[in-house]
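Subject: Structure for you to look at

Hello,

Here is the structure we talked about handing over. Please open it first; my notes follow below.

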Amino acid sequence: MAGRPHPPRPGPPPGGAGDTPGTGTPPAAPPSGGAGSAVPPVRDPVTEAGPGRAAVDLLPVREGVAARTAPRQDIAVPSASAFPALLPLQRALRPFRRYRLSAVPGPGEVDETATADRAADCGLVWPVLRPVHGREADLQLLVDSSPSMTVWEQMVHELREVCEWVGAFRSVTVRHLRPDGTGVAASALPHLNAPRVPAEQLLEPGGRRVTLVVSDCAGPLWQGSAMRELLHRGVRGGPLAVLQPLSQRLWARTRLPAEPGTLRRRPGGYGPLEFTPLRRTARDAGAPAALPVPVLAASPGALSTWARLVTGNTGVRLRGAAAWVGGPGTTGPGAGPARPGGSPARDAAQLLAAFEASASPLGRQLAVYLSAAPLSLPVMQLVQRAMLPQTGPAELSEVLLSGLVVQAPGPEGTEAPGAYRGEPWYEFLPGVRDLLIDRLSAGEAALVLKHCSLYVERAFGRSARNFPAVAVAYLMDVGTDPEIGPDAVPEPFARVSERVLRRFEPEPALLRHTSAAPGAGELGRTLLDRYERERSPRDLLAAARLLRAAADTGPSGELLARLADALRQTWQEWGGEDVLDEAERAARGALAADRTLSTGLALARVLDARARAALAAGRAAQAVAGLRETAGHCRTALEEAEGNGDEARLACVLLLAEALRTLSATAPGGPRPALLEEAQEALTAQARRWPAGRVPPPLLLSRGHVLLDLARLSGERGFALRAAADLASAVEGLREDPDARHDSLPTALTGLAEALSAPPDGQGGDEAHELLTEAAALAREAADPLAEAACLTLAARNRRDHHDRTGDLDALRAADEAFTRARRLVPPDTHRHVDLLTESGELALRRAESEPESTQLAARAVQLLREANGRTGSDDPRAGHRRLLFGRALRLRHEQQGGVADLHEAAWTLTLATRDDGGTGAQAWLELGDVQALLARRTGVFHHYAQASTAYLRAATGTGDALTAARARHRRGEVLEHTAGPARALESYRLARALWEELDATDTEEARRTMDRIARLEARP
């Protein structure tokens, strides 16, 4: 069947899933340097690459600044069908149309015409029944959520579609199974954090629910006996089978080994099938209660056999395969390891030998090709289709189940597996990738990396840091670096590309001799200096190799320090813990050989890079220790250094200030003002070394940010004013530096705008708005969408504050437009995008309240807040606030458009918001009471008045805010007038009056309404 559009998965589009070179055609011939050929040596990078060469900016971000991700849009792409054709699959499932719960006909429906005819004939009214023919069964697909099952997502999707099309089932549902303690849990969504229920709840003993378990029976779900017990319980209650997508020759290696034989269904209602194995030695005599479970291949023939067995009420005997499962307390042949390569005691060579002994030739070749690619499912599928187009999911499953591959771990301290944009990532076990890469030729490795670079370009855009493209250019000795962008991509693209380069990259000419040439160190320094100007990765790689060779023959403190700098920047480009470890060894060796400012700074930079990597990975304790050591080496280097105002001293004090700022923000127990004050003093002491008016802008920028941090912590406007002075001077100096236009200047502008906006006088200032607008324009020029979004967000808040001060509706509209622009620049699968949705929705709600003539604003607020709530987890601390806003928007839309459905949804949403323990919960109770009172008036249902009274009472008694309590008491009194009578209402109004008096707010409009109601009720006889 031809490829057809397939709904996109929630991850990066499978770069060229149906649009890749080699799909359906043999792979392209390897480039020069392919199998059996020598790779040409690289030319001298200094003499052949002139100064006019285009620079490649791989890492424009500074240390400590989070890598950014280019915005993207999911699109539908053609995808090859998992089945040869879908029409035979539909025919195979058609027998389920005849499925009946019992062989005895059930009750029919009254045939009115026949009943009337009988009454006319015999004069007796006696109902005539006719049989009812309809779909009686529900189908549920229970899909194993093990990592190895990701390759079969397309098959599950098509199977569900066919089951829905065939018209044999009342409903078709998909549930995802995963281990949960000692049992099995099921969820409606595949996400790890999706709500779960025990899988036993999905089993229905009446036979109405037909169950098909889709699993390769080799993942964590099958460890232990829980899954086998679940099958044993399910097969006794109704039709159940296991759909095994693996090739039949691999079934014996899974945790549910099946065997061929004959399956028989007895006449009458559905009951457990009988199974006679082809060889009568397989059934375990020690488990007499074991039952057979049909195991089906993913083919129309196997599904047709099962359908005929299930629907054959008169008794059927057919050939098939089944596995034995026992009840609670029994074990089976699947309880042990599923694959021979899973033993951790074996080394990489033994694991690889075990895999090759049992894998198919194409499976072995695919593993070799994948060794040069990051192990993400879309990338693996792309490499497979390009290099081995005749293979499919079966061969890819062989690799994933080989014991050579494990799922990448998630962030430290969490149990979540490694994933990026919803797609799982995998890793070869230590040493396996190197052994497989050794079996690749340089040409094959370059071809695999070429397809990886195409994936990066298609999935992340041309503005991404395309590390595979750089590696291909270096392997093939193109002579120039490819034009690539600054946006971040997942680390494995860099790490694997660097690993391949290590294996195949030819050595520079100076390194081909047994010892380094006399000019190796000087040439390495020259290349490193040029890299720091032009950011060409070719220069960096060559510099690292030259400096390493020179340091091996004649190490000195200065040479080792430059080597540490080169290795640290190599790690920043390509990743690899071993590279950073080598950089730290070189830096410590440099400091031991020569205690100077440059050697101390080199070690401090390495330690700072390691600490920030630990912080990004969630290892806070390690990060704090590293930042403290970084600050200590910076202090020592500055104390022992000689000379005034040199660049090394400036770089060292700037690094110290940034380390202290980060340490203050991440230290246990909260921010540490003492660390910020130390940073300020160090920067001020350094500033005194320059004449007045000539202090370097980077120093002023750093001190301005430190003062801004102090202003945030203390709330003192004096710090904000001093920060504004420093940042204004920094902006003035950076505007004269063309290199800082897209680097430091936007940061300085946003900091200055924040300093000028410090309360109470500066909120919503026009000068700050102009600075933020300029910063956003600079970020747009630099093609930095996340920085532009940050500036636009600050500009939107500035205009919102301006409206709060002045009431200017144009400012509110400008804020709305800025939020909308910022939202379009942020990737939709990030927390930042959800935060922007919330702020945009709240602003649209405020506009709808301020501009009641515009009925579309309330609908827009509902749309934005609905999306924000849909992407907020129930355990998110901001969930209550977002639900409260959503409920308000729904109520406002009801008031403008009159839809009662909005009130019902608002009541449900606000009920969820009342779960918040803080002030949000009390406010939600108050507004829930308003909605219930509106429902009572609109529908005339008295029960809504009772619910409103209860909600107001909860709002009044569940908060320490007297204002909320007073409002709740007053509104409850209004409800009690309709429900409990004047006496109870008067009691509630008097409680509200006491609260108004406590607040000294008896002259407000709300308090006067309370007094009026009390006066009217007391005047009644």
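Please keep in mind that this is a predicted model.

Overall picture

The chain has 1021 residues, and 52% of them count as buried. Its secondary structure comes to 36 helices and 18 strands. Taking contacts between residues at least 6 apart in sequence, 69% join residues at least 24 apart.

Two packed helices are described by the angle between their axes and the distance between the axes. I give both for each pair below.

Helix α22 covers residues 697–714 and helix α23 covers residues 717–734; their axes come within 8 Å and cross at roughly 155 degrees. An angle over 145 degrees counts as roughly antiparallel, so α22 is roughly antiparallel to α23. The crossing of α22 past α23 is left-handed. On the α22 side the contact is made by P697, L700, L701, R703, G704, H705, L707, L708, L710, A711 and S714. On the α23 side the residues are F719, A720, R722, A723, D726, L727, S729, A730, G733 and L734. Sorted by class, this contact of α22 with α23 has 13 nonpolar, five polar and three charged residues.

Helix α22 also meets helix α20, which spans residues 647–666; the axes of α20 and α22 come within 10 Å and cross at roughly 20 degrees. An angle under 35 degrees counts as roughly parallel, so α20 is roughly parallel to α22. This crossing of α20 and α22 is left-handed. From α20, the residues L650, L654, A657, E658 and R661 meet P698, L699, S702, H705, V706 and D709 of α22. The contact of α20 with α22 divides into six nonpolar, two polar and three charged residues. H705 of α22 is listed in the contact with α23 and in the contact with α20.

Helices α30 and α32

Which way does α30 run relative to α32, roughly parallel or roughly antiparallel? Helix α30 is made of residues 879–897 and helix α32 of residues 919–939, and their axes come within 10 Å and cross at roughly 25 degrees. That angle makes α30 roughly parallel to α32. In passing α32, α30 makes a left-handed crossing. G880, H881, L884, R888, R891, H894 and E895 of α30 meet T920, Q923, A924, E927, D930, V931, L934 and R938 of α32. By class, the contact of α30 with α32 has four nonpolar, five polar and six charged residues.

N869 is in helix α29, residues 856–870. N869 has a relative accessible area of 15% and is therefore buried, since the cut-off for buried is under 20%. Leaving aside residues up to four places away in sequence, N869 touches A879, R882, R883 and F886.

Cysteines

How many disulfides does the structure hold? There are zero. C652 is in no disulfide, and the nearest cysteine sulfur, that of C634, is 4.1 Å away. A disulfide needs the two sulfur atoms within 2.5 Å. C652 is buried, at 0% relative accessibility.

C217 lies in the loop between β9 (209–214) and α4 (226–237). At 1% relative accessibility, C217 is buried as well.

Positive phi

Most residues other than glycine have a negative phi, and most peptide bonds are trans. In C217, phi is positive, near 55 degrees, and the residue is not a glycine. D1000 is not a glycine either, and has a positive phi of about 55 degrees. D1000 sits in the loop between α35 (982–998) and α36 (1005–1019). Is D1000 buried or exposed? D1000 is exposed, because its relative accessible area is 67% and the cut-off for exposed is over 50%.

Two other places

Helix α9, residues 393–400, is mostly covered, with six of its eight residues buried. The buried residues of α9 are E395, L396, S397, E398, V399 and L400.

P424 is in strand β18, residues 423–428. P424 is buried, at 9% relative accessibility. The C-alpha atoms of P424 and Q407 are separated by 7.3 Å, with the two residues 17 apart along the chain.

Regards

Terms used: Residues numbered from 1 in each chain as written. Predicted model: local features only at pLDDT ≥ 70, side-chain atom pairs only at ≥ 80, totals over all residues. Heavy atoms only, no water. Axes fitted to C-alpha atoms, helices over the stretch in contact; angles between N-to-C directions. Helix = DSSP H or I, 4+ residues; strand = E, 2+ residues; numbered from the N terminus. Parallel < 35°, antiparallel > 145°, perpendicular 65-115°, else oblique. Left-handed = near helix turned anticlockwise from the far one by under 90°. Contact = heavy atoms within 4.5 Å. Nonpolar A, V, L, I, M, F, W, Y, C, P; charged D, E, K, R; others polar. Buried < 20%, exposed > 50% of the residue type's maximum accessible area, 1.4 Å probe, protein only.
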